[in-house]
Amino acid sequence: MAIWLLSILAIVFAVGVHLYQKFANLVHYGSKITGPKAYAVVGNAARFFSMTPAEFLQEVHRLSKEWGKCFRIWLGPDLLIVVTDAKKVETVLGSQKYLDKSTEYDFIRPWLGDGLLTSSGRKWHSRRKIITPTFHFKILEQFVEIFDQQSTVFVDQLKPMAASGEPFDVYPRVTLCALDVICESAMGTKVNAQLNADSEYVRAVKAMSNVAFQRTYKILARLELTFKYTSYAQIQEKALAVLHGYTDSVVKNRRKELTKSNGDHNQNNVNDNDVGQRKKVAFLDMLLQATTTDGQPLTDLEIREEVDTFMFEGHDTTTSAMSFILGVLAKHPEVQKKVYDEVRNVFGDDPSKPATLAMLNELNYLDMVIKETLRLYPSVPIFGRKMLENHDIDGTIFPAGSNVIIMPYIMGRDPDYFEDPLEFRPERFAVETSAEKSNPYRYVPFSAGPRNCIGQKFAVAEIKSLVSKTLRHYEILPDTLAPPEKLLVELILRAENGVTLRLKKRN
């Protein structure tokens with residue numbers, strides 16, 4: 001019995017020494033960064049254990065007010081350094097040294113694999129080089145046609161709400177519109193989600209997003225050792241079966257179609273000379289025709305990774321932005337009038353007139369409204385980087401293994417960065433007083449630097465198309481009985497009680 005006990009103690013001691021050696025550097029420098037009191041083994045995990053996503057967001061915001069623009073949180077063995085200091089953010093985002101995503105991105109790898117959002121090193125550089133031409137302005141013009149068609153379906157689906165004048169949550173309907181847009185843009189397929197609201201794919205996206213975010217701060221779900229024993233693992237498995245099953249099927253069928261219908265490969269290559277005169281090309285088609293730096297085509301798995309990434313980043317994020325913009329226009333009629341007047345000036349009085357990229361680019365005041373909305377409601381309120389080595393960033397040592405958590409949500413509401421931050425004032429982004437130009441890293445809703453959002457122009461054009469089309473048909477009115485706003489994070493920012501508003505048909 002004594003020998004058995006000694007053996008157990010020896011193993012425990014050996015594991016303890018190993019863990020100490022592994023985390024000594026992390027603990028040494030982590031202890032020098034201010035933050036809430038942490039406890040052995042669990043750190044600050046108990047603080048967040050039973051919190052909802054809405055409570056988590058507000059708690060981190062409260063901690064930032066208490067501990068400043070750079071503080072640490074321990075979630076078990078993981079060190080998170082929350083940074084809202086614009087100078088430190090500039091150093092991290094603007095450098096080629098800090099390109100690896102934080103541990104939190106591991107929680108969406110089961111869905112997105114090593115696509116552009118989650119990959120690093122040579123693989124990320126290679127994928128970025130392959131995908132960048134996808135957002136050439138000539139290709140974006142083709143996507144605008146899809147934006148306009150699906151926005152037309154969107155306003156048509158809103159007719160019953162305008163007729164009744166009753167308040168309703170616009171978020172689910174925007175979600176279906178965004179899904180229709182991204183399915184057709186990314187995969188060249190129509191799912192008609194707006195006409196079939198009970199979409200299994202939408203439910204799977206929501207379930208997977210919720211699981212991934214819950215894993216960021218709930219210790220049992222965060223650790224791989226214990227995650228498989230939680231209910232989240234079962235939810236994730238079911239969601240991935242739907243998400244991957246759908247993409248795999250589309251990729252397989254699309255590859256067959258292209259092989260069958262296009263004997264001449266050169267005729268189908270996308271380049272600057274012929275892209276404007278060709279048939280519409282989906283993101284998937286370009287990936288199927290793309291080659292790596294060594295001349296090899298992408299495998300079906302690699303294509304699925306990028307299509308799923310495009311679906312995630314171009315679906316949930318734009319849904320968040322478009323919903324919040326419609327909501328703020330309802331609450332600020334004077335802003336809505338300025339946007340509507342601008343839209344009429346560009347499109348005239350025919351509400352069915354198709355939008356073009358040139359028309360959307362003329363909507364300068366709407367552009368300011370979008371930027372001001374994203375300041376208060378950034379679609380991605382949290383993103384992070386992983387420190388692979390010890391780095392001195394503006395006087396603070398960020399140890400190897402730590403996760404740097406950057407929060408555009410908190411930065412956009414910081415009175416040190418924006419005067420009267422809770423006031424909705426699009427004019428902040430007027431050219432002559434541009435908040436972006438005077439303080440570029442205080443405002444980073446699309447991230448910044450080498451890993452900035454590659455689809456930013458795509459997103460802004462889609463948002464402009466839907467908002468302008470909606471305003472050409474309806475006046476947006478507030479829901480005067482709506483409960484106080486409560487925001488939560490499920491990878492993207494959304495309102496816990498939805499975005500409720502009323503509509504009135506324009507004459």
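Let me start with the second largest pocket, where helix 3 (53-67), helix 16 (316-331) and helix 20 (408-412) each supply at least two lining residues. Helices here are DSSP runs of H or I with at least four residues, numbered from the N terminus. Helix 3 gives the largest share of that lining, four residues.

This is a predicted model, in which local features need pLDDT of at least 70, side-chain atom pairs count only at pLDDT 80 or more, and totals for chains, interfaces and linings use all residues. Residues are numbered from 1 along each chain as its sequence is written, and side-chain values use heavy atoms, leaving out hydrogens and water.

On confidence: pLDDT is the predictor's confidence in each residue, from 0 to 100. The chain has a mean of 89, with 90% of its residues at 70 or more. Residues 264-278 fall below 50; that stretch has 21 contacts (heavy atoms within 4.5 Å) beyond near neighbours in sequence.

A pocket is an open set of points on a 1 Å grid over the protein atoms alone, where a 1.4 Å probe fits, with protein on both sides within 12 Å along at least five of seven lines; lining residues have an atom within 4 Å of a point.

Back to the second largest pocket: it holds about 470 Å³ of space. Of its 23 lining residues, His61, Lys65, Tyr409, Arg413 and Leu422 lie nearest the centre.

The largest pocket holds about 550 Å³. Its lining has 29 residues, with Asp367, Lys371, Gln456, Lys457 and Val460 nearest the centre. Helix 7 (137-157), helix 18 (357-361), helix 19 (364-376) and helix 22 (456-473) each give two or more of the lining residues.

Methods
Grid points are joined across faces, edges and corners, and a volume is the space filled by probe spheres set on the points.
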